[in-house]
Structure formats: C-alpha cells, structure tokens
Amino acid sequence: MANLTIKNLFKRYDNVGKKTKTVNDYAVNDLCLTCNDGEFVALLGPSGCGKTTTLRMIAGLEEITKGDIYIGETRINDLHPKDRHIGLAFEDYAMYPPLTVYDNIAFNLRAKGVAKGEIDGRVRDIAKLMHCEELLDMMPVKLSGGQKQRVNIARAIVRRPEILLMDEPLSHLDGKMRQSMRVEIKRLHIEINCTSVYVTHDQLEAMSLADRIAIMDLGVLQQFGTPMEVYDDPVNEFVAAFIGEPPMNILETTVIKDENDFFFTFAESELRILVPARYYSKVRDGFRVKMGVRPMDLYVGGPESKGNPERVAVFENLGDERRIGVRVGEHMMMLITNDETRYRHGDIIRLEVNGEKTHLFDLETGDRIRSDR
Amino acid sequence: MSPTAKKRLYAVLKNGGLAIYSVFALFPLLWMVILTFKSDAEMLTTTFVFTPTLDNYKQVLFYTDYFRYIKDSVIVAGGAVLVSVLAGVPAAYAFARYEFKNKEKIAFQILSFKFAPEILVVLPLYMIYQKLGLYDSYLGLIWVYQLISMPLIIWVVRGYFEDISVEIEHAAQVDGYNWYQVFLKFLLPLIKPGLVSSALLCFIFAWNSFTFPLLLAGIKIEPITVAATKYLAQSTVHYGQMAVAATISALPSIIFAICIQKHLVRGLSFGAVKG
C-alpha cells in the first residue's frame with residue numbers, strides 16, 4: 001500500500017481524428033491530487049472531463065504530456081504498466097475470452113512467474129473474497145455482467161496492488177446489480193483497505209463510496225473534498241449542479257431592495273425570496289446573480305406561512321418521498337418533502353426557503369459568492 | 001384445408017421449388033462432367049446415351065502440361081492470399097485501432113479497388129507490366145491479385161478487430177505482456193473465423209480469376225483458367241479435354257466452398273466477441 005501523488009499533470013492529444021473541446025485543448029489541465037494511504041478517491045465528472053484519461057495515465061496506458069505521478073516515493077512516469085504495482089479494473093471487464101475465469105485471474109501471476117502452488121492459493125483466496133468461487137471453471141462468455149465485474153475486480157486485486165484503479169466498473173450493470181456491486185466494492189475496500197482511485201460519472205457512486213471526491217470538468221479539477229464538503233460547500237455552479245439528485249435548483253435572479261430588505265426576484269414570476277442577511281454586504285439593488293438551493297431545502301409552508309403562493313406544476317409520489325415542481329419563469333423549481341399530502345396539478349402551496357442553505361454563484365464565471373460568515 | 005395439410009402442401013411446394021432450382025443450378029456442371037466421358041466422335045451426336053471413355057482424362061493428364069497449370073494456379077492464388085493476409089491483417093488492425101488522417105477515405109479507397117471491372121484496368125496494367133518486367137511472372141500476378149483479395153480480408157478482419165474490446169490489450173499490458181504476445185495469444189484466436197473464411201474466399205476468387213492471367217501472363221505462366229482455353233485454339237475443338245480441364249480445376253473451389261460454407265456465412269457476418 002502507498003499513497004498516490006499527482007503533480008501538475010497535463011494531457012494533450014495531438015490526434016487529428018479526435019475533437020477536444022477542452023480548455024486549450026488539454027484533456028487534463030494542471031491536475032494536482034493526493035490520495036493518502038488506504039484512501040478511496042473518486043474521480044467524478046461528465047464524459048470528456050478527463051477523469052478516465054487521468055486514470056489511464058496513472059496506469060501507464062496513456063502518455064503523460066507534462067507533470068509527475070508518484071506512487072509512494074517512486075516517480076512512475078516512465079515505468080512500464082506492469083512495473084507500477086497497480087491493479088486495474090476495466091469498464092468493459094476486458095476478460096481474456098479464450099481463458100477460464102480461473103486462468104483469467106491467474107494470468108498476471110503467471111506472467112510474473114509466481115510459483116504454481118502459490119498462484120492456486122491466491123486465486124482461491126481472492127475468489128472467496130469476491131464471492132466468485134463457483135465461477136472459477138467457467139468461460140467468460142457464460143458470465144452475467146455482475147459476475148464479470150466480480151472477476152474483473154478479482155483479477156485487479158490478486159496481484160496485491162499498491163494502488164487499485166477502477167474505471168467506471170458499474171456503468172454497464174443494471175440498476176439492482178449496480179447497487180449490490182456498489183456495496184460489494186465498499187465491503188472490499190474495508191477488507192483490503194487498498195489505496196483506490198475510482199472513476200465514475202455517477203455522483204451517487206462517488207458519494208457513497210469515496211472518502212474524498214475529485215470533481216473534474218473540461219480537464220480541470222473543480223473541487224477535491226469529502227462527500228459532505230462537496231455537497232454542502234460547492235466551490236462553483238458546476239459542482240453544485242453535478243452533486244445531488246435531483247440536482248440543485250439554480251436560477252438566475254435579480255436582487256431588489258424593498259425598504260430595508262433585499263429580495264431575489266425571478267423573470268416572469270411573482271416569486272420573491274428574502275435574501276439572507278449574511279449576503280447583504282455582497283448584494284445591492286439590481287444585482288444580477290445565480291441563486292442555488294437544494295430541493296431538500298425548500299418546503300411547503302403551513303396555513304400561517306408567509307411564503308409565496310405558487311401553483312404545483314408537477315407532483316411525483318415516489319413512495320419514500322414526494323417531489324413537487326413549481327414553475328418559476330422558464331425553469332422548474334423542484335422541492336422534496338416527506339409530507340404525506342398529495343397535491344394535484346394546479347394546487348396552490350406556500351413555498352418556503354431555508355435561507356441558510358442558499359448559495360450564490362457569479363453570473364459569468366459560475367464561481368461561488370461566499371457570505372461573510 | 002386443415003393446418004397440417006396446409007403445412008404438408010407448403011413443404012411439398014418448397015422442396016419441389018428447391019429441386020427445380022438445384023437442377024437449374026447444377027445442370028451445367030452435370031453437362032460438363034458428361035462431356036468429359038464422351039469421345040470426340042460422340043460429342044455432338046449424343047446426349048445422355050453414349051459409350052463412356054476415359055480417353056479425355058488420359059489425354060489431359062498425361063499428354064499435356066496439365067499439372068504445370070495447376071501448379072501455377074496454386075502458386076499465384078496461394079501467394080496472393082498469403083501476401084494479403086500478411087499485409088492485410090496489420091492494415092485491418094490499424095484501421096480498427098488507430099486514428100489517422102483520412103482513415104475512412106483510405107479504407108474506402110481500398111474497398112473501391114473491387115469496384116472497377118478487371119477488363120477496365122487490365123490494359124493499362126499490361127503496358128505497365130511490360131515496362132516493369134512484371135509481365136508473365138509469378139510476382140506480377142500475385143501483385144495484381146491483391147486487387148481481388150486484399151480489400152475483402154482488410155474489411156472483414158477490421159470488423160473483427162473492432163469488436164474486440166481494446167481493453168483486452170490494455171489488460172494484457174498491465175499484466176506484463178507485450179503486443180506480439182497479446183496478438184498471438186488473444187487477438188489471433190478471436191479473429192480466426194473471419195480471417196479463415198475471408199482468406200478461403202479470396203483463394204477461390206484468385207483461383208477463378210481469368211482476365212488478369214489471360215492478359216498479364218500466358219507464356220511461361222499459365223494458371224488453369226487460362227490454360228483450359230488452349231483446347232479451343234487448336235485445329236479441332238476438343239470439347240472433352242476442355243471439359244476435363246475445367247472439371248478438375250473447378251474441384252478445389254467446390255471442395256473449399258462445401259467445407260467452409262457453414263463458417264463462411266458466420267465468419268463474414270458475425271463479429272468476434274459476442275455477449
């Protein structure tokens with residue numbers, strides 16, 4: 001086991017065929033990242049954000065344009081993939097079709113020339129750990145997606161890697177299998193406690209698995225923090241919108257001054273939301289800004305509520321929770337409630353906002369505008 | 001009509017249709033085989049009732065250069081397929097795996113070699129070959145046969161490579177194998193069905209080729225397709241001997257086609273990795 005340090009990493013594709021829409025054509029742009037020993041780090045972002053490229057550079061499958069990667073104290077830039085002491089679990093499982101599951105898992109050990117008896121012991125131990133003992137004699141084509149992924153991960157960890165790399169391992173699995181494999185991966189991490197880098201575009205996987213999440217967009221690291229940090233304290237609009245399901249309501253607003261109070265107002269809507277006092281030093285009359293609030297931080301006021309009367313546009317009863325959509329200008333503002341009341345399209349509700357949980361983002365840059373406190 | 005009677009009628013009609021078709025398709029072959037057993041005297045006077053003779057076979061096999069023609073055919077068709085495989089498989093790999101400028105245009109260009117009728121290109125080729133000294137040589141014929149065999153192999157094998165996840169190669173790299181080991185151990189077995197069926201099909205095409213060897217060879221080197229016409233050129237037309245030459249030279253194609261017909265459709269239409 002070791003820690004992983006990425007210093008000022010750049011990747012630029014010179015390929016003519018590929019069209020990159022990233023900043024300055026860099027697929028990965030000045031990435032700095034440290035995973036501590038035994039830590040589980042998720043690289044999260046939409047497709048094309050550079051997360052898989054980063055992983056492949058760590059694995060040695062992709063050339064590094066600029067920057068350094070260290071595993072422990074060793075700079076691995078110029079090492080062959082096989083000498084980097086990494087295990088890699090692939091998105092498409094990448095099993096060797098002509099070999100049995102057993103041989104697939106043993107393949108790496110054989111390449112390294114590990115003694116036959118030891119190979120057998122290690123393969124069986126890992127199979128037990130990954131709950132795939134009964135699959136050992138089968139051919140890869142016979143396996144289901146979930147089974148393939150078990151074997152894929154078994155194959156990655158049988159070599160006792162210092163860093164375990166996983167490239168969207170759950171993206172081809174269906175909903176239920178995805179959930180149970182997610183739990184499996186969590187359990188595995190607790191048991192072997194291997195420094196892990198996990199690439200995903202699914203914020204739920206990142207939130208549930210990772211100790212820390214690195215959120216990337218257009219090759220640039222946006223924020224690196226614990227799941228609760230990125231959820232509660234996003235540094236910009238991109239992170240705020242990417243984390244959370246349903247996503248944060250982010251609306252353009254104009255601040256107006258009414259006597260001594262400031263209000264957020266919205267185009268083509270009667271809705272007014274009181275600006276929390278902590279933002280008073282940041283706003284002025286006519287200030288245009290983006291306001292974000294999570295669906296959980298909106299609620300339906302009681303009979304004596306002074307909240308804005310709004311018409312229910314969408315009502316979804318999901319059993320555990322109910323989602324109410326309210327039209328604000330062109331946008332749909334979602335709120336989540338555990339309240340049992342069933343609304344119908346057109347019902348009037350009093351919309352209340354937990355002012356403490358509102359975020360402001362710069363209209364141009366999307367950067368967070370922080371309050372004084 | 002009851003459903004079972006309907007089914008039976010359908011089966012009768014279907015089999016009847018197939019029988020008619022098979023007579024239609026196989027009759028020329030049968031006619032050719034019948035000719036081989038007729039003497040020149042009976043050739044035009046009898047149809048099905050005649051005195052069978054093996055004279056034509058004896059004449060062709062023992063008194064002409066028949067085996068030389070066969071040898072020439074084997075060398076040029078086999079050589080053409082070998083070159084196509086050796087050059088075509090790496091080319092197919094490149095088309096499947098790498099991004100380069102005008103990739104699709106080049107791939108289409110290669111396919112388009114098959115579009116032009118042979119007779120269109122053969123005259124300029126004849127003059128070029130005369131100048132280059134490739135006329136009437138094994139090398140020249142093998143080279144020109146690439147027009148027939150290379151595009152097919154590249155396009156079929158490319159599809160197979162594209163179906164193999166590139167991650168298999170990456171996994172092997174992480175496992176510490178080099179590319180050649182990966183190719184031999186994993187890629188080759190996976191592309192084998194496509195490679196074998198397209199190579200055999202190419203062999204048949206090259207074997208059957210007539211226009212190219214007729215005009216680009218014919219003195220020192222005579223593949224069997226061209227040699228078979230020799231029996232026309234002499235004072236009398238030896239239909240029987242020509243039929244023998246044609247019958248024997250058609251055998252490899254027929255045998256190959258029967259052997260691979262099952263794999264052929266599969267190999268040319270299915271990808272490598274399924275499920």
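Helix 3 of chain B passes helix 8 of chain B in a right-handed crossing, meaning that the near helix is turned clockwise from the far one by less than a right angle. Helices here are DSSP runs of H or I with at least four residues, numbered from the N terminus. This is a predicted model, where local features need pLDDT of at least 70, side-chain atom pairs count only at pLDDT 80 or more, and totals for chains, interfaces and linings use all residues. Residues are numbered from 1 along each chain as its sequence is written, chains are lettered from A and ligands numbered from 1 in the order in which they are written, and side-chain values use heavy atoms, without hydrogens and water.

In contact (heavy atoms within 4.5 Å) are, among others, B:Gly78 and B:Val81 of helix 3 and B:Leu187 and B:Ile191 of helix 8.

The second pair is helix 5 (residues 118-132) and helix 6 (residues 138-163) of chain B, which also makes a right-handed crossing. Contributors include B:Leu125 and B:Tyr129 from helix 5 and B:Trp143 from helix 6.

Now the interface. Chain A gives 28 residues to the contact and chain B gives 18 residues. Between the two chains about 2,000 Å² is buried, 66% of it from carbon and sulfur atoms; buried area is the accessible area (1.4 Å probe) that two parts lose on being put together, summed over both. One salt bridge is found across this interface, that is, a side-chain nitrogen of Lys or Arg within 4 Å of a carboxyl oxygen of Asp or Glu. B:Asp175 forms a salt bridge with A:Arg159, with 2.8 Å between the closest N and O atoms.

Conventions
Helices (H or I, at least four residues) and strands (E, at least two) are DSSP runs, numbered from the N terminus.
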